[in-house]
Amino acid sequence: MKKLLGTGAMLLLIIYLLPVCYRIYAGTALGDRAKDVLAAYAETGQEQPAEGLSEPLQDGQAAAGGDPGSENGQGGSSVWNPMGSTVQPSDAPADSPAAAPDRQPGLLNGDITVLVHGEPQTMPLETYVEGVVAAEISPDFPEDAIRAQAVAARTYAVSKINAGRPMQHRNADICDDYTHCAAYLDLAAAASARWGASADANTQKIQKAVCDTAGEIITKDGEAIVAVFHAASAARTESAKDIWGSDIPYLQSVVSPGGSACEKYEGTVRLTLDEFRIRVLENYPAADLSGDPKRWFSASTRSEAGAVITCTLGGVQVKGADLRTIFGLNSSNFTLTINDQTIAFHTIGYGHGVGLSQYGAKYLAEQGSRYPEILSHYYPGTELTRLQV
Ligand SMILES: [Zn+2]
C-alpha cells in the first residue's frame with residue numbers, strides 16, 4: 001500500500017511537471033533559434049553598412065517610402081529626457097523624477113488618466129494598452145510582435161505613472177501625442193473607420209495580444225523601464241546615450257534585423273539651397289552659409305549604429321537629432337547629396353531607433369521568437385514581471 005502511494009505520488013509529480021518541462025524545453029529551443037538568427041545576422045546580414053565615426057556626410061543613396069510608422073518618447077522638437085520629461089535643446093539638465101511635484105505613488109487601482117485630444121480620460125490600464133497597440137502596430141504583424149508591443153506600451157505607461165505627471169500635462173499621466181508620450185486611439189470607436197470589414201477581426205487580435213500579456217511589464221532592478229520603441233532601425237538599434245545623451249543600461253545598441261521591410265526604411269528629403277539656408281538660419285542664426293555649399297557641413301560624428309550625433313554646419317556645431325526635427329527626416333541616420341541647386345538628406349530607418357524595433361520584432365517573431373525573447377533582446381538585462389495591482 002505504501003509502495004502504491006509512493007508510485008501514485010511519483011506519477012502525479014511527473015504529470016504536474018510535464019507542462020513545466022515542456023515550457024522550459026520550448027523556451028530554450030526558441031531561445032537558441034533566435035540566438036542563431038541574430039548571430040548569423042550580425043555576421044553577414046548587415047542591411048546597411050555601419051558608417052563609423054567621423055564619416056563624411058555626403059553622397060548617400062536615395063529612395064522614398066510611404067507607410068505609417070511610429071515611435072514613442074521622441075520629445076518633439078525638444079531633446080527627450082528618458083527619465084520622464086522633455087527639456088529644450090542645448091543640453092539642459094535632466095529633470096529628476098523625484099523632483100516632479102505631482103509624483104504618483106504608482107498603480108493604486110489599475111487605472112490611468114490619458115490626455116486624449118486634449119481632454120483627460122481615466123480608464124483601466126489594459127484598455128489604454130489596447131488603444132496604444134491599435135495606434136502603434138499593424139494587426140497584420142505576427143502575434144508575438146503584437147504581444148511584445150503590448151508589453152512595451154504597458155511598461156512605458158507604468159514608467160510614466162511612476163515618474164509623475166509632467167509639466168506638459170499636469171492633469172494626466174500620459175498623452176496621446178507620440179512625439180511626447182505614445183500614440184493612442186479609442187479602439188472601440190476607431191476600429192470601423194480604420195479597418196473597415198476587418199474591424200472585428202483586428203480588434204480581437206489586439207485584445208487577445210493584450211489579454212495574453214495582461215499585467216506584464218519589463219523591469220530592471222524592480223522598476224518599470226522606460227520602454228521606448230520605434231518603427232524600424234538600421235542594421236543596429238541606437239543607444240539612448242548616442243541619441244539623447246543619457247546612458248541607460250537597457251537602451252544600448254543591439255543588432256536589429258528586418259527593418260528594410262518597412263516602406264519608410266529608406267527616405268529622402270530634398271530642399272533647394274535657399275529653402276535649406278532659410279531653415280538653418282531660423283534655428284542657427286550664427287551659421288555662415290556663404291560660399292561653396294559642399295563645404296557647409298564638416299566634422300561629423302556618428303554612432304556605432306549610424307546616426308549622426310553631431311556635425312558642424314556653417315561653423316556651428318549641431319546635433320543630428322535636432323536636424324532630424326528641423327527637416328522632418330525619418331531618422332537621424334542620414335547622408336547628404338549636395339549640388340548647385342539642391343541639398344538632399346537620405347535616411348535609413350524610421351523613428352529615433354532606440355529600444356524595441358517594431359519591424360525587428362516582426363522579423364524575430366516570423367523566425368519563431370516568442371515575445372519574452374524579443375523584449376529581452378531589445379531591452380537587454382531586463383526581466384518580465386507581472387504587475388501587482
Ligand atoms: Zn505626454
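Predicted model: local features only at pLDDT ≥ 70, side-chain atom pairs only at ≥ 80, totals over all residues.
Trainee: What about the phi of A299?

Mentor: The phi is positive, about 45°, and A299 is not a glycine. Most residues other than glycine have a negative phi.

Trainee: Which loop holds D221?

Mentor: D221 is in the loop that runs from strand 6 (216-220) to strand 7 (223-224). D221 also has a positive phi, about 55°, without being a glycine. With 9 other C-beta atoms within 10 Å, D221 is exposed.

Trainee: Change of topic. How many helices and strands are in the protein chain?

Mentor: There are 10 helices and 16 strands. The chain has 389 residues, and 44% of them are buried.

Trainee: And what share of the contacts joins residues 24 or more positions apart?

Mentor: For the protein chain that share is 72%, taken over contacts with a separation of 6 or more.

Trainee: How many residues are in the largest nonpolar core?

Mentor: That core has 85 residues. The ones with the most contacts inside it are V132, V133, A148, A153, A157 and A227. Helix 3 supplies the largest share of this core, with 11 residues. As a general rule, nonpolar side chains in soluble globular proteins tend to be buried together.

Trainee: Pick one of those. What does A157 touch?

Mentor: Leaving out residues up to four places away in sequence, A157 touches I112, L125, Y128 and I174.

Trainee: Back to helix 3. At what angle do the axes of helix 3 and helix 10 cross?

Mentor: Roughly 55°, and the axes come within 8 Å. Helix 3 covers residues 143-163 and helix 10 covers residues 371-378. Helix 3 passes helix 10 in a right-handed crossing.

Trainee: Which residues of helix 3 and helix 10 meet there?

Mentor: From helix 3, D144, R147, A148 and V151; from helix 10, Y371, I374 and L375. By class, that contact has 5 nonpolar, no polar and 2 charged residues.

Trainee: How do helix 3 and helix 9 cross?

Mentor: Their axes cross at roughly 140° and come within 7 Å. Angles over 145 degrees would count as roughly antiparallel, and helix 3 and helix 9 are therefore oblique to each other. Their crossing is right-handed. Helix 3 makes the contact through D144, A145, A148 and Q149, and helix 9 through Q358, A361, K362 and A365. The residues divide into 4 nonpolar, 2 polar and 2 charged.

Trainee: Where is G355?

Mentor: G355 is in the loop between strand 14 (342-348) and strand 15 (356-357). G355 counts as buried because 31 C-beta neighbours lie inside 10 Å.

Trainee: What does G355 touch?

Mentor: Not counting residues up to four places away in sequence, G355 touches A227, V228, F229, H230, T237, L251, Y378 and Y379. A227 is also one of the residues with the most contacts inside the largest nonpolar core. As for S233, it is 122 residues from G355 along the chain, and their C-alpha atoms are 9.4 Å apart.

Trainee: Last one. At what angle do helix 2 and helix 5 pack?

Mentor: At about 130°, with their axes 9 Å apart. Helix 2 (residues 125-136) and helix 5 (residues 199-212) are therefore oblique to each other. The crossing is right-handed. Helix 2 contributes E126, V129, E130, V133 and A134 to the contact, while helix 5 contributes I206, Q207, A209 and V210. That makes 6 nonpolar, 1 polar and 2 charged residues.

Technical notes
Residues numbered from 1 in each chain as written. Helix = DSSP H or I, 4+ residues; strand = E, 2+ residues; numbered from the N terminus. Buried ≥ 20, exposed ≤ 12 C-beta atoms within 10 Å, placed from the backbone. Contact = placed C-beta atoms within 7 Å. Axes fitted to C-alpha atoms, helices over the stretch in contact; angles between N-to-C directions. Left-handed = near helix turned anticlockwise from the far one by under 90°. Nonpolar A, V, L, I, M, F, W, Y, C, P; charged D, E, K, R; others polar. Core = buried A, V, L, I, M, F, W, Y, C linked by C-beta atoms within 7 Å. Parallel < 35°, antiparallel > 145°, perpendicular 65-115°, else oblique.
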